[in-house]
Amino acid sequence: MTAPSFGRFFLPGPTEVHPGVLAALTRPMIPHRGREMRQLLAGMAEPLKQLFRTQRRVLVGTCSATGFMEMAVRSGVRQRALSLVSGAFGERFAAIVAATGREVIRLNVAPGQTIEADMLHDALRRSEVDAVTMVHSETSTGALAPLEALAQVMRQHPDVLLLVDAVTSLAGSPVETDAWGLDFGFTGSQKALALPPGLALGVASERMLERAQTIPERGAYLDLVAFDEAAAEMQPTNTPAMSLYYALDAQLQRIAAEGGVEARWRRHDAMRQAVEQWVAGSGGALGFSYLPAEGRRSWTISCLKVPEGKKGRAIAQALGERGWTIGSGYGSLKESTIRIGHMGDHTVAGVQAVLAEVEAATR
Ligand SMILES: *Cc1c(COP(=O)(O)O)cnc(C)c1O
């Protein structure tokens, strides 16, 4: 195996990590209850708030994003949740509701489609729930839910919490935690943040924390209240994955150097548009088309239907032989689609290069 240079790894997670960020992983260990750790956490607090567009504390945990999905359910759902399911990760959220002994009501749409505001409005009228779970950017289908409009609907239901998986949207497309009124929004390190896997990051609203305090069996390791109390003291809950914190610190500095999260959104929007242009041009001529509709496409993952007679896995494999990595389809979409993850530190030029490889591998 030859080590490819940066810019050839377009999996929809984990994302390629910049060498400068990787270098931060080699820093020596520090006492996790000491002054240096407090300084590290204090230094990251403000940049993390800017990233999440919040005035509230950003909680960081040593687990993958699914850990915070479980935290959201254990600390936010009393009895019954409405789970919006438009793909594999929405289904995972729903399954966690059931696995933690709560009742789940699913609102399903076909892969590639999104649940719209009127559908949520109707569903909330039909069933009494105490929380809604949803995925903003559904990594399995490349569809982007209209989160702002959905959050607007939630305002008519002040007792129902909105729990949002923003794993492949946050840091790659607009997520306004405070302005949209998200009760719990979370992400993981290995997606649009372009860090190695192993960290989850999230923000809880005041009402989410109040709700958590009324639920006795929130668990221990992923207890939201414990996380919030520790964060208030600039402390980790347990011995954290320190090396990943160093990488996060380095990445937050790189994000600031790029011009902040908005500059990052613009770069991701441009990458998304580069794929749209390709599909409108030579990619479309070959037979590629989008799974999600226009206006509902993720800024970080493009899920494309492959030409008639071609197979998603074979295309991904052919790219692999050329030294490039993309994702094949997910689950039932394995053969009918490919997924290009263009998030983190990728560029428009890089996206155009991988698309040229897709073209060459498909001909
Ligand atoms: C990757 C991903 C997750 C979580 O995966 P982990 O392996 O637990 O980090 C959750 N939701 C979405 C939308 C994802 O893309």
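Let's start with helix H6. What covers its buried residues? The cover includes E3, H5, E5 and strand E8 (161–165). Contact here means heavy atoms within 4.5 Å. The helices (H or I, at least four residues) and strands (E, at least two) are DSSP runs, numbered from the N terminus.

A word on the source. This is a predicted model, where local features need pLDDT of at least 70, side-chain atom pairs count only at pLDDT 80 or more, and totals for chains, interfaces and linings use all residues. Residues are numbered from 1 along each chain as its sequence is written, and side-chain values use heavy atoms, leaving out hydrogens and water.

Back to H6, residues 147–154. Its buried residues are Leu147, Leu150, Ala151, Val153 and Met154. Buried means under 20% relative accessible area, exposed over 50%, partly exposed in between (1.4 Å probe, protein chains only). Those H6 residues cover an arc of only 155 degrees around the axis, so they sit on the same side of H6. The arc is that of the directions from the helix axis to the C-beta atoms. In general, an α-helix has 3.6 residues a turn, so residues three or four places apart point the same way.

Now the sheet. Seven strands form an open sheet, ordered E2-E10-E9-E8-E5-E3-E4, with mixed pairing. Two strands pair if DSSP finds at least two bridges between them. Which strands stand at the edges? Strand E2 (59–61) and strand E4 (103–108) do. Each has a single partner strand, so one side of each lacks a neighbour in the sheet. From one strand to the next, the twist averages 20 degrees.

Strand E3, residues 80–85, runs parallel to E4, and six bridges join them. Arg80 has Glu103 in E4 as its bridge partner.

Next, the helices on the sheet. Helix H2 (residues 35–52) packs there, touching E2, strand E9 (184–188) and strand E10 (200–204). The direction of H2 makes about 75 degrees with that of E10. Axes are lines fitted to C-alpha atoms, for helices over the stretch in contact, and angles run from 0 to 180 degrees between N-to-C directions. Helix H5 (residues 117–126) lies across E3, E4 and strand E5 (131–135). H5 runs at about 155 degrees to E3.

Last, the loops. Gly13 and Pro14 are joined by a cis peptide bond, omega about -5 degrees. Pro14 is in the loop between strand E1 (9–10) and helix H1 (19–24).

Arg53 is not a glycine, yet has a positive phi of about 55 degrees. Arg53 sits between H2 and E2, in the loop.
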